[in-house]
Amino acid sequence: MPDIENKIIPQLKLTKNFIENEHNKYLKPYGISNEQGFLLKYVCDMPGLTQTELSEYLRKDKTTVTRMIDALVKKGKVIRKSSPNDRRIFKIYLTEETKENAKKLSPIFEKQEEELKDIIGVDDYKTTLKVLDKIKKYYERLNK
């Protein structure tokens, strides 16, 4: 057995790849990638986020998020609206079509979470979330 199979970081990356590939299957008919879908989920849950806020939530640099939003605007998935308080700031909203598609996709991803709970059990599911949160916070501190 290769040593890589006994290490957390490679296993996290491999697991992430499997999950992204699975999500891409569901998102492809809607013309979006897994990364774009993740951004859209934040905008769906919190309409009117700014590009800076999205950058913080996604843990991506502002340039990358701006490019993602540009692509989604071009595809007709989101719209930018100037903030009434500061015209330099843009708030991001889903288009009506994207809102409808989100209603179709949301149950699919909720079902996947329930399947994970069934596969590993509720206690291990909660423990996994706690452990992942600890790992994430460690790396957040390193990147400040």
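1. Basis. In this predicted model, local features need pLDDT of at least 70 and side-chain atom pairs count only at pLDDT 80 or more, while totals for chains, interfaces and linings use all residues. Residues are numbered from 1 along each chain as its sequence is written, and side-chain values use heavy atoms, with hydrogens and water left out.

2. Fold. The chain holds six helices and three strands, in the order α-α-β-α-α-β-β-α-α from the N terminus. Helices (H or I, at least four residues) and strands (E, at least two) are DSSP runs, numbered from the N terminus. The C-alpha trace spans about 55 × 35 × 25 Å along its principal axes.

3. Of the 144 residues in the chain, 23% are buried. Buried means under 20% relative accessible area, exposed over 50%, and partly exposed in between (1.4 Å probe, protein chains only). Among contacts (heavy atoms within 4.5 Å) with a separation of 6 or more, 45% are between residues 24 or more positions apart.

4. Helix α1. The 20 residues of α1 (residues 8–27) should span 28 Å at 1.5 Å a residue, which agrees with the 28 Å between its end C-alpha atoms. The expected span is 1.5 Å times one less than the number of residues. Glu20, His23 and Leu27 are buried in α1. Seen down the axis, the buried residues of α1 fall within an arc of 70°, so they line one face; the arc is that of the directions from the helix axis to the C-beta atoms. These buried residues pack against α2 (34–45) and α5 (96–120). Phe18 and Lys25, on the other side of α1, are exposed.

5. Gln51, Leu54, Ser55 and Leu58 are the buried residues of α3. Their arc is within 105° seen down the axis of α3, so they line one face of the helix. Their cover includes α2, β1 (49–50), α4, β2 (78–82) and β3 (90–94). Arg59 follows α3 and is found in the loop between α3 (51–58) and α4 (62–74). Its phi is positive, near 60°. Most residues other than glycine have a negative phi. Arg59 counts as exposed, at 52% relative accessibility.
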